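Have the structure open while you read.

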Amino acid sequence: MSSIQRVLPIVRALDGATLSAGTFSEACVKAGWPAPVDDGVGLWDVEHPDEGTYLVLDTTTKPITLICRLEQDDDYDADEMLEDDELRREFDASFEQALAALRACFPTTLAEGTYEKPYKWRFAHFQGLNSVIALEQSEYDPQFGVQLVLVLQPLPRKPHRTAITSEW
């Protein structure tokens, strides 16, 4: 999973800064990505030119949130994952790879667990300097099916006890 390695420089840069369209754009360009584009309603998005990893800074929600789909696949249907052990193992292996990379950068774990029976999606939240960095298996956007997402938000006063995307 190379997409986590391409995203980490941006996440590290944003963790030490105030999360805004300007800091997002600066971090992307510095990491070799194109400058994000404003959709006109407060969503700033950018796609990595080589591999298609997609980042969105949502400035319309509170708190401002960076969302990155690290992995999505048309085969990642929630019900199929209940029946296809190999497909679920692949999805879980992707989670484990991203989890190891995040632990190396952000050693303080705030929360880790599973949710949403019967699917038992996994999540892990890490504390950065100013941010919570969340890795979550999620189906928050049904249009894209089950996804492995990375979420960055300003550090809340009280840590999240469940997956951030489960509340969306």
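## Helix packing and salt bridges

Helix 1 (residues 3-15) and helix 2 (residues 21-30) have axes that come within 9 Å and cross at roughly 140 degrees. Helices here are DSSP runs (H or I, at least four residues), and strands are too (E, at least two), numbered from the N terminus. The axes are lines fitted to C-alpha atoms over the stretch in contact, with angles from 0 to 180 degrees between N-to-C directions.

So who touches whom? On the helix 1 side you'll find Ile10, Ala13 and Leu14, and they meet Thr23, Phe24, Ala27 and Cys28 of helix 2; contact means heavy atoms within 4.5 Å.

A word on the model: it is predicted, local features need pLDDT of at least 70, side-chain atom pairs count only at pLDDT 80 or more, and totals for chains, interfaces and linings use all residues. Residues are numbered from 1 along each chain as its sequence is written, and side-chain values use heavy atoms, leaving out hydrogens and water.

Now for the charges. Side chains of opposite charge can pair when their charged atoms come close. The whole structure has four salt bridges (a side-chain nitrogen of Lys or Arg within 4 Å of a carboxyl oxygen of Asp or Glu), including these:

| Pair | N to O distance |
|---|---|
| Arg6 and Glu51 | 3.1 Å |
| Glu96 and Arg122 | 2.4 Å |
| Glu112 and Arg103 | 2.7 Å |

Glu96 sits in helix 4 (residues 85-105) and Arg122 in strand 6 (residues 121-127), so this pair ties together parts 26 residues apart in sequence.
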